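Please read what follows with the sequence and the three-dimensional view side by side.

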Amino acid sequence: MTVLCPHGAVGARNGSGLNRVSLATALVLQILYSTPMQPEKSLTIEERNDLIRSRYAAGEILESLAREFHISIARVHQIVHRRHR
């Protein structure tokens, strides 16, 4: 009969691979489930668009801007490139 042991249970050492995997998993979950700060509700559409353009110019990606402002990636692309619907 074979007895299965959890990873690292036999001959475990400090800094085992399981510990590193656990830390990496926790970091990924924190990034995936972190709640982005909501933009101010009092922004006009033009102010919001200016903010999106400036943040894009500073290096933010379309996907994160779309998620934060609750609009589609395509709409962020239109705003950044000043294309009207």
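A patch, as the word is used here, is made of residues that have over 30% relative accessible area and no salt bridge, with nonpolar side chains such as Val, Leu and Tyr joined within 5 Å. In this model, which is predicted, V28, L29, L32 and Y33 make a nonpolar surface patch of about 450 Å². One of these residues, V28, belongs to helix α1, which spans residues 17-33, and V28 counts as partly exposed because its relative accessibility is 45%.

The protein chain as a whole contains 4 helices and 0 strands, and from the N terminus on its elements follow the order α-α-α-α. Of its 85 residues, 19% count as buried, while the chain exposes about 7,100 Å², of which carbon and sulfur atoms supply 59%. Among contacts in the chain with a separation of 6 or more, residues 24 or more positions apart account for 33%.

In soluble globular proteins, nonpolar side chains tend to be buried together. Here the largest nonpolar core has 9 residues in all, namely I52, L62, L65, A66, F69, I71, V76, I79 and V80. The elements giving two or more residues to this core are α3, residues 62-69, and α4, and α3 gives the most, with 4 residues. Within this set, V80 touches I52 and L62, and also R53 and Y56, when residues up to four places away in sequence are not counted.

Helix α4, residues 73-80, also holds H77, which counts as partly exposed because its relative accessibility is 31%. With residues up to four places away in sequence not counted, H77 touches L62 and R83. H77 and L65, for their part, are 12 residues apart in sequence and lie 9.9 Å apart in space, C-alpha to C-alpha.

Side chains of opposite charge can pair when their charged atoms come close, and the structure holds 3 salt bridges. What is the partner of R53 in a salt bridge? It is D50, and the closest N and O atoms of the pair are 3.0 Å apart. Because R53 and D50 are 3 residues apart in helix α2, about one helical turn separates them. R53 counts as buried because its relative accessibility of 15% is under 20%, whereas D50, with a relative accessible area of 41%, is partly exposed.

R53, which lies in helix α2 (residues 45-57), also has a side chain that reaches the backbone oxygen of I79 at 2.9 Å. Leaving aside neighbours within four places in sequence, R53 is in contact with E46, I79, V80 and R82. I79 and V80 are both among the residues of the largest nonpolar core.

The salt bridges that remain to be described involve R55. In the pair of E60 and R55, the closest N and O atoms are 2.6 Å apart; E60 counts as partly exposed at 27% relative accessibility, while R55 is buried, with a relative accessible area of 18%. R55 also forms a salt bridge with E68, where the closest N and O atoms are 2.7 Å apart. This pair links distant parts of the chain, with R55 in helix α2 and E68 in helix α3, 13 residues apart, and both R55 and E68 are buried. Through salt bridges that share partners, R55, E60 and E68 are joined into one network.

Terms used:
Residues are numbered from 1 along each chain as its sequence is written. This is a predicted model: local features need pLDDT of at least 70, side-chain atom pairs count only at pLDDT 80 or more; totals for chains, interfaces and linings use all residues. Side-chain values use heavy atoms; hydrogens and water are left out. Buried means under 20% relative accessible area, exposed over 50%, partly exposed in between (1.4 Å probe, protein chains only). Contact means heavy atoms within 4.5 Å. Accessible areas come from the Shrake-Rupley method with a 1.4 Å probe; for residues, only the protein chains shown count as cover. A polar contact is a pair of N or O atoms within 3.5 Å; within protein, one must be able to donate a hydrogen and the other to accept it, and residues adjacent in sequence count only if both atoms are side-chain atoms. Patches are made of residues with over 30% relative accessible area and no salt bridge: like charges are joined within 9 Å, nonpolar side chains (Val, Leu, Ile, Met, Phe, Trp, Tyr) within 5 Å. A salt bridge is a side-chain nitrogen of Lys or Arg within 4 Å of a carboxyl oxygen of Asp or Glu. A nonpolar core is a set of buried Ala, Val, Leu, Ile, Met, Phe, Trp, Tyr and Cys residues joined through side-chain atoms within 4.5 Å.
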